[in-house]
Amino acid sequence: MAKVKVASDWLAGCAGCHMSLLDIDERIVDLLKAADLTSTPITDLKHPPAEGVDVGILEGAVNNSATERVAQLMRSRCKILIALGDCAVFGGVPALRNRVCMKEALRRAYIETESTTDGAIPSDPELATMQECRPVGDVVEVDIHVPGCPPSADAIFHVLKELVEGRKPVLNGKFLDWH
Amino acid sequence: MSATATTTTVNITINGKALQAQSGQTVMEAASAAGIDIPALCNDPHLRPEGGCRMCVVEIDKQRGLQPACTFPIFEGMVVRTETEKTTASRKQTLQMLFSERNHYCMFCPASGSEQTTDCELQRLGYRYGLTHWQYTPKYANDWAVDATRPYFVMDHSRCILCRRCVRACNTIAANHTLGLAQRGAQSRICADDDVQFGASTCVSCGTCLQVCPTGALADRRGAYMAHETELTRTSAVCMGCAVGCGIEALTRDNQLIRVEGSWKTTNGGLLCATGRFDVVEPKPQRILTPLVRQDGRMVEITAEKAMTHIAQRLRQLNSVAGLASPRLTNETLAAFQCFCHEVLETNEVGLLYGEVPPLDLGKPAVLQDLVTADCIVVIGGDPLERQKVLGFLIKRGSDNGAKVIVVNDRGTGLDRYAHTRLDLQDISHAAESPFERLRRTYHLRVSGVTQLKAACEAAQRPIVLYSTRMSTTVYAALRALQPKVKFLPLVEGTNAAGAAKLGMTARPVSGQGLYLLAGDDLPDGTPLPAHQFMVVQAAYRSAWTEAADVVLPSLTWPERKGHVVNLEERNIPVVPVLTPPKGLQADWETLLALSVRMGYTLSYQEITEISMTV
């Protein structure tokens, strides 16, 4: 049987969910017997291959035009998309920004922060355009939501193991943790 | 909630199980009596069901659609199914809508936890129904505010699910009518009074709403983030704040008092006042852990041995000693103190620091819940809304339930606005200038007033008279002569002043060259102590008293005490310790016992228990 191809990428997040993915420890050896990690932000190949993968994993929320494109690219290149962690599932910490207007958020971040002197809001036209922060599911269709900040390594392993064994993972009990 | 006088058995079937339920019950009540769990959010067994949240929907044969279990009355031959594909789908959809209405970011909420540890009933149901995400993303644009204008607890509208438990608790349990709803539809929001900030409202911070809130919308400022319920130890105890003696649930962790809730099982029926619920966990002055002695004008630590020797030596040199005790101590401690004063100090100058106990023998004593069902409530003197707050709340509840309230006083009180009739008391005492002048005041109700009271009590079926101290003997005689159906509640001031009164200890002027002050965890309120040359203070906290003392002995705080107190219902209530005293500290009566031995007299433990048994 051909190996299941898995790719991951991150959007507006903190990389914590990928750290939790690594926390599956030696179980990754078993996993890699049945799955191929084609590309991740923490390996050499960063982008999902053009020929597509079976499972795509996205960490973080969509907060600008760049992360929106990353989300759309992953969706177009994977069969099953997993939203990993509270930011991807609910919006999480980045979505706190939505409660203040964009201008105020930028001013606070680039000018008013205590460590900033002579700050200026970046205005290079090549920069991504900011958007209201959204969970991945609001931008592209998501097949499996794995909430948690971060989701536990056990929950991530459970999801991937179920998928490589050809089942749709069901999250409940100890695998479902929203905080 | 069902309080039908005569109930008959009704045969119903829930989930294929034949049950015998009581007529008047709802499906929810019948199911929970049979141990069948139906999820609910707006329903609380202590509140009138409202059927608002639709989490408890069940399938009932011959009924259209799904029906809410919390409001649907049972009937003979009823067939109910609580867990079907239909109910699950409906409940999941309801949860999706609830989560989408506000910004329920669990990760920022003190109630949030895992499936096992969460304190949030909404999150628990989210786990139960396997919700992995929100079907509809909340509208961030709705900036649901946090109202932190009250001193003890905050309201985060983002975490509110509009179950209205708080509104019902405020209206029907606390009878304060502060909470309501502002706006309509998706803009609906819990509000105080005419939509003012909670801190500027008529809220009395009794915290009943906080106790029934199913989510983290109402969060205790001090207790939030300190522990999940699963990490707390829950002990049923008694509040030592005033003579009402409310039942409490003390929630502790690592020998710290984290939170206090009103007990639903005792006569206060879940109610507490701000003092009993919140002030008890506020920071306290420095604790006294070792005996202290005055040396060169400063209080310095010494061993218990040396402190006792010093006290014994000094007390023996004095001609007279007076003893004053806090009325917040247990019967056992007060009895030991009284015995210590009489037998060891050989003085009759022994009294309470403060406290007022009217005559306790006027007639049948009432219990607190009698106020809820009374049809006539007479309040003579005192100010229960200020001095015994839970009593005040229950009087208001009685008034809501249609009781005629008669307020008899020499001045205006908070109860006046609930009074159907207001009668004036005359001050018939002579002006006196002693510091105990207050204790000497006597009030009188004129015969015309007494006649009115008598007529009101006779016309009523369940009359209750609450009465204060310092009435003229004519008034007490008139009350004693009321019909036997009248129940009485004395407006006792001082937590265990009634217990002390049964021992013969009252607040009265005492004098002596020496003063032994058994303060417990009481703090000075500015009232001057009697003049003295030498003072021993047995206290839990550093205060102006201990700074003025010659010798200080450590004492226990209220959550550490064990014994009994007598409340204003004249019930002898066991005091259960909820915290372990700091290492090396002993009960107050044990300290007195050790001191008596040092003074050459043995107060045996048996003798003290014998005394307490006579209480």
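Glu59(B) is buried in this predicted model, with a relative accessible area of 16%; buried means under 20%, exposed over 50%, and partly exposed in between (1.4 Å probe, protein chains only). Accessible areas come from the Shrake-Rupley method, and for residues only the protein chains shown count as cover. The model is predicted, so local features need pLDDT of at least 70 and side-chain atom pairs count only at pLDDT 80 or more, while totals for chains, interfaces and linings use all residues. Residues are numbered from 1 along each chain as its sequence is written, chains are lettered from A and ligands numbered from 1 in the order in which they are written, and side-chain values use heavy atoms, with hydrogens and water left out.

The side chain of Glu59(B) forms a salt bridge with that of Arg81(B), at 3.6 Å from N to O; a salt bridge is a side-chain nitrogen of Lys or Arg within 4 Å of a carboxyl oxygen of Asp or Glu. Because Glu59(B) lies in strand β3 (residues 57–60) and Arg81(B) in strand β5 of chain B, the pair ties together parts that are 22 residues apart in sequence. Helices (H or I, at least four residues) and strands (E, at least two) are DSSP runs, numbered from the N terminus. Arg81(B) is partly exposed, at 29% relative accessible area.

A salt bridge also joins Glu282(B) and Arg222(B), whose closest N and O atoms are 3.5 Å apart. Glu282(B) is in the loop between α6 (274–277) and β14 of chain B and Arg222(B) in the loop between β10 (218–220) and β11 (233–238), so this pair ties together parts 60 residues apart in sequence. Both residues are partly exposed, Glu282(B) at 30% and Arg222(B) at 33% relative accessibility.

In the pair Lys487(B) and Asp370(B), the closest N and O atoms of the salt bridge are 3.1 Å apart. This pair links distant parts of the chain, 117 residues apart, with Lys487(B) in strand β25 (residues 487–490) and Asp370(B) in helix α9 (residues 370–373) of chain B. Lys487(B) is partly exposed at 24%, whereas Asp370(B) is buried at 16%. Salt bridges with shared partners join Glu229(B), Arg234(B), Glu249(B), Arg259(B) and Glu261(B) into one network. Over all chains, the structure holds 44 salt bridges.

The count of salt bridges between chain B and chain A is zero. In the interface, 22 residues of chain B are in contact with 24 residues of chain A, where contact means heavy atoms within 4.5 Å. About 2,000 Å² is buried between the two chains, 63% of it on carbon and sulfur atoms; buried area is the accessible area (1.4 Å probe) that two parts lose on being put together, summed over both.

Some backbone angles were also examined. Most residues other than glycine have a negative phi, and most peptide bonds are trans. Asp193(B), however, has a positive phi of about 50°; this residue is in the loop between β9 (189–192) and α5 (208–212) of chain B and is partly exposed at 30%. Asp296(B) has a positive phi near 50°, lies in the loop between β14 (292–295) and β15 (298–301) of chain B, and is exposed at 81%. In chain A, the peptide bond from Cys149(A) to Pro150(A) is cis, with omega near -10°.
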